[in-house]
Amino acid sequence: MKLASAALGPFETNAYLVMAEEGPDCCVVDAPKDSGRLLLEEIGRRRLRLTHLLITHGHWDHMCDAHRFAAAGAKVIAHRDDRELLENIEAYRNRYRSMIPTLTDDDFRSVKVDRWVDEGDRVETCGHRFEVRHVPGHCPGSILFYEADRKLAFVGDAIFKGSVGRTDLPNGDWNQLLASIRTRIYSLPDDVTLMPGHGGRTSVGTEKQTNPYAKP
Ligand SMILES: [Zn+2]
Ligand SMILES: [Zn+2]
């Protein structure tokens, strides 16, 4: 896969730039702080055409710059269960500012979602065909985007290399997260590469064997 990534913002959230094998189209997965400026510059440099922004869940560190990609013409895709976070992030300013006092009002701008997707939906973008799987637990609207042809999935904060998403945030649910991982991630083929929202990539087989939190 023609892919670039960068870990950005105060929580080092991964933003992924996914490019078509042929032609100028591209899409972005997740929109941490500063990704709008940096990835849109990169898209301009490579003379690409941005078609979609895929959001794995509505936490601020994954949607901060979503409005910038939308303004650049990207159709925004997310899960309805995070509608409140995505369309009313201004209401959550104080919670994040208590952790990171340097954030400004400009860091809290909602985004209008163009398409709500759910379990089993298909997303076709820039020559890639993704299957959506709903993986709530870390956040109610957590989804992953799985491309069977290329054996790769963007999993957001559901699972990490050797770890899993935290469930102590509002609306987090530990049992639900474990069920999501076991039924919707560990049911993928072992050789599928997992691209998480933080940290390095891993694989389904590796996590099934070694993840200390989520046993198969
Ligand atoms: Zn999160
Ligand atoms: Zn995150």
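In what order do the strands of the open sheet that includes β7 and β14 stand? The order is β7-β8-β9-β10-β13-β14. That makes 6 strands, and their pairing is mixed. β7 and β14 (202-203) stand at the edges with a single partner strand each, so one side of each has no neighbour in the sheet. Keep in mind that this model is predicted.

Start with the whole chain. Its secondary structure comes to 7 helices and 14 strands. The radius of gyration is 16 Å, close to the 17 Å that the globule rule gives for 216 residues, so the chain is as compact as a globular protein of that length. Along the principal axes, the C-alpha atoms fill a box of roughly 45 × 40 × 25 Å. Of the 216 residues, 44% count as buried. Residues 24 or more positions apart account for 58% of them.

Next, a word on sheets. Strands of a sheet pair through backbone hydrogen bonds, either parallel or antiparallel.

Val-29 has Leu-54 in β4 as its bridge partner. How does the chain get from β3 to β4? It crosses through helix α1 (residues 35-45), and this β-α-β crossover is right-handed.

Carry on across the sheet. β4 and β5 also run parallel, with 3 bridges between them. Leu-54 turns up again here: its bridge partner in β5 is Ile-77. Then β5 (residues 75-78) pairs with β6 in the parallel sense over 2 bridges. Ile-77 stands opposite Arg-115 in β6. You can follow Val-29 to Leu-54, Leu-54 to Ile-77, and Ile-77 to Arg-115.

Now return to the sheet that begins with β7. β7 (residues 122-125) and β8 (residues 128-134) pair in the antiparallel sense over 4 bridges. Arg-122 stands opposite Glu-131 in β8. The two strands form a hairpin with 2 residues between them. Cys-126 lies in the turn and has a positive phi of about 40°.

The next pair is β8 and β9 (residues 143-147), antiparallel over 4 bridges. Here His-134 stands opposite Ile-143 in β9. β9 then joins β10 (residues 152-156) through 3 bridges, and these two also run antiparallel. Glu-147 stands opposite Leu-152 in β10.

Finish with a helix, α6 (residues 174-185). At 1.5 Å a residue, its 12 residues should span 16 Å; the end C-alpha atoms are 15 Å apart, which agrees. Which residues of α6 are buried? They are Leu-177, Ser-180, Ile-181, Arg-184 and Ile-185. What covers the buried residues? The cover includes β8, β10, β11 (159-160), β12 (163-164) and α7 (204-210). Two of these names, β8 and β10, belong to the sheet that begins with β7.

Methods
Residues numbered from 1 in each chain as written. Chains lettered and ligands numbered in written order. Predicted model: local features only at pLDDT ≥ 70, side-chain atom pairs only at ≥ 80, totals over all residues. Pairing = 2+ DSSP bridges. Rg over C-alpha atoms; globule rule 2.2 N^0.38 Å. Buried ≥ 20, exposed ≤ 12 C-beta atoms within 10 Å, placed from the backbone. Contact = placed C-beta atoms within 7 Å. Expected span 1.5 Å × (residues − 1). Right-handed = clockwise from strand over helix to strand, strands pointing away.
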